[in-house]
Amino acid sequence: MLIARPEDQILICVARRSLDVAAGANLRHLLRRDLDWNYLLLMAERHRVVASLYYHLVAECPEAIPSQVRSRLEKLNQENTRSNLLLTGELLKIIELLEARGIAAVPFKGPTLALWAYGDVGRREFGDLDILVKKPDIPAIRKLLISEGFTPRPELNAAQQAATLRFDCSHNFANERNIWLDVHWDFVVPSASVQIDTDKLWDRLEPILVNRRELKTVSVEDLLLILCLHGFTHFWERLGWIGDVAALIDSQEKIDWHLLLKNADRMGSRRILSLGLYLVSNLLGISLPPDVWARVPADATVVALAEQVQRGLFTEGIERLGILSELRLNLAMKEGTRDKLTSCIRLLATPRVDDWKLLPLPGSLFFLYYALRPFRLTGKYAAKLLRGSADRERSPNGNERVVS
């Protein structure tokens, strides 16, 4: 797909770990255009690629940056670096705190992804910390974090805590210093169309040095799948997420592609992986082994979805995907009729956070959430249809971003 604005082309050019000779020449050519620098900075912040923009502009063509823009970029980059260093220090404290209580915790994304993919904690933008723990440890972790000044966000009563463990995959905590911690016991909610065997992830952990301290994190192969799944669930609305996948592939010399593809098949996420790989290849120019495409080909469905992603990247007024669009996306990712039906039933019937927030129930009545969900969805989308009808009457030419 042709990206018309030179500012958008610049962001696509810099959203990677390194630039080859051709990419560097293209960037210098684009910087000679008449640019809307305010727009460029605004979109860079939206897509979380300010650090990459600053790094590559200074490396390739610093004289092309207007002085005021350079000052603004330097300030944003310094703020990001300070924030990342602060969060990295907090991560080490949290891991040490948990380990002292005999609780295993594995950091992923955040500082570890920055170090693995970019080789520098300041080269990636992140605003919170993510750790993987074992589900039975959640009550002890919750109690420990609260004792250390963290507050569950949102705060939950006992019934809601039980519902979260059953229907969700993570829970957020934050302290007075605005340090946000996302504690995962899984990577996808039970209603998702794919399931990750987290037990096997623990067997494939790899060491990583963070501030000269060795931690364990998920393997590169598992992280690639996690990143592709995360991007897909948000329909790849940030260029930075695509850049992370590209940077991780570009930085790792020994990726076990056979294991990666085998895991994708086992999870039922072959097309999800194919979409992520197609985006980094087609949009960012990352080279992939030919045999990878033989196993996860970018078929017509994947190509069509990739084009939708690219159209949406630089479109104003992006809206969150609703349940109907989510359903269409999940069905598009499945190849067989049986898989499509299973995905549909799981997505529509499995209770989610909004269900138990609407009506907290004790553990003995959990089964009622399955009956409640269809009624909640029916009421929600009936109201949405009525609002949409009224909006169309007021603005017959209005457009809504919906994945079809």
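Figure 1. The structure shown here and in the following views is a predicted model. Glu7 belongs to helix α1, which spans residues 6-14. With a relative accessible area of 3%, Glu7 is buried. Its side chain is joined to that of Arg5 by a polar contact of 3.2 Å.

**Figure 2. Packing of the buried residues of helix α4.** Helix α4 covers residues 50-60, and its buried residues are Val50, Ala51, Ser52, Leu53, Tyr54, His56 and Leu57. These buried residues pack against α1, α2 (21-31), α3 (37-46), α5 (67-100) and α6.

**Figure 3. Helices α3 and α5.** Two packed helices are described by the angle between their axes and by the distance between those axes. For α3 and α5, the angle is about 10° and the axes are 11 Å apart. Because angles under 35 degrees count as roughly parallel, α3 is classed as roughly parallel to α5. On the α3 side, the contact is made by Trp37, Leu41 and Glu45; on the α5 side, Val69, Arg72, Leu73 and Leu76 take part.

**Figure 4. Crossing of helices α6 and α11.** The axes of α6 (residues 110-118) and α11 (residues 239-251) come within 7 Å and cross at roughly 50°. This angle makes α6 oblique to α11. Leu113, Trp116, Ala117 and Tyr118 form the α6 side of the contact. From α11, the contributing residues are Gly243, Asp244, Ala247, Leu248 and Ser251.

**Figure 5. The aromatic pair Phe108 and Phe187.** The count of aromatic pairs comes to 1. Phe108 and Phe187 form this pair, with 5.1 Å from centre to centre and 80° between the planes, an edge-to-face arrangement. Phe108 lies in strand β1 (residues 106-108), whereas Phe187 lies in the loop between β5 (180-184) and α9 (198-203), so the pair ties together parts that are 79 residues apart in sequence. Phe108 counts as buried at 2% relative accessibility, and Phe187 also counts as buried, at 11%.

**Figure 6. Charged side chains over aromatic rings.** The charged end of Arg123 sits over the ring of Tyr55, at 3.8 Å from the ring centre. Lys134 lies over the face of Trp202, and here the distance to the ring centre is 4.8 Å.

**Figure 7. Gln160 and Pro362.** Gln160 is found in helix α8, which comprises residues 158-167. Gln160 is buried, with a relative accessible area of 13%. Although Gln160 and Pro362 are 202 residues apart in sequence, their C-alpha atoms are 8.3 Å apart in space.

**Figure 8. The protein chain as the setting of the close-up views.** The secondary structure of the protein chain comprises 19 helices and 7 strands. Of the 404 residues in the chain, 50% are buried. Among contacts with a separation of 6 or more, residues 24 or more positions apart account for 68%. The pairing of Phe108 with Phe187, whose parts are 79 residues apart in sequence, was shown above.

Definitions and conventions
Residues numbered from 1 in each chain as written. Predicted model: local features only at pLDDT ≥ 70, side-chain atom pairs only at ≥ 80, totals over all residues. Heavy atoms only, no water. Phe/Tyr/Trp six-rings, centres within 6.5 Å; stacked < 30°, edge-to-face > 60°. Helix = DSSP H or I, 4+ residues; strand = E, 2+ residues; numbered from the N terminus. Buried < 20%, exposed > 50% of the residue type's maximum accessible area, 1.4 Å probe, protein only. Lys NZ or Arg CZ within 6 Å of the ring centre and 35° of its normal. Polar contact = N/O pair within 3.5 Å; in protein donor to acceptor, adjacent residues only side chain to side chain. Axes fitted to C-alpha atoms, helices over the stretch in contact; angles between N-to-C directions. Parallel < 35°, antiparallel > 145°, perpendicular 65-115°, else oblique. Contact = heavy atoms within 4.5 Å.
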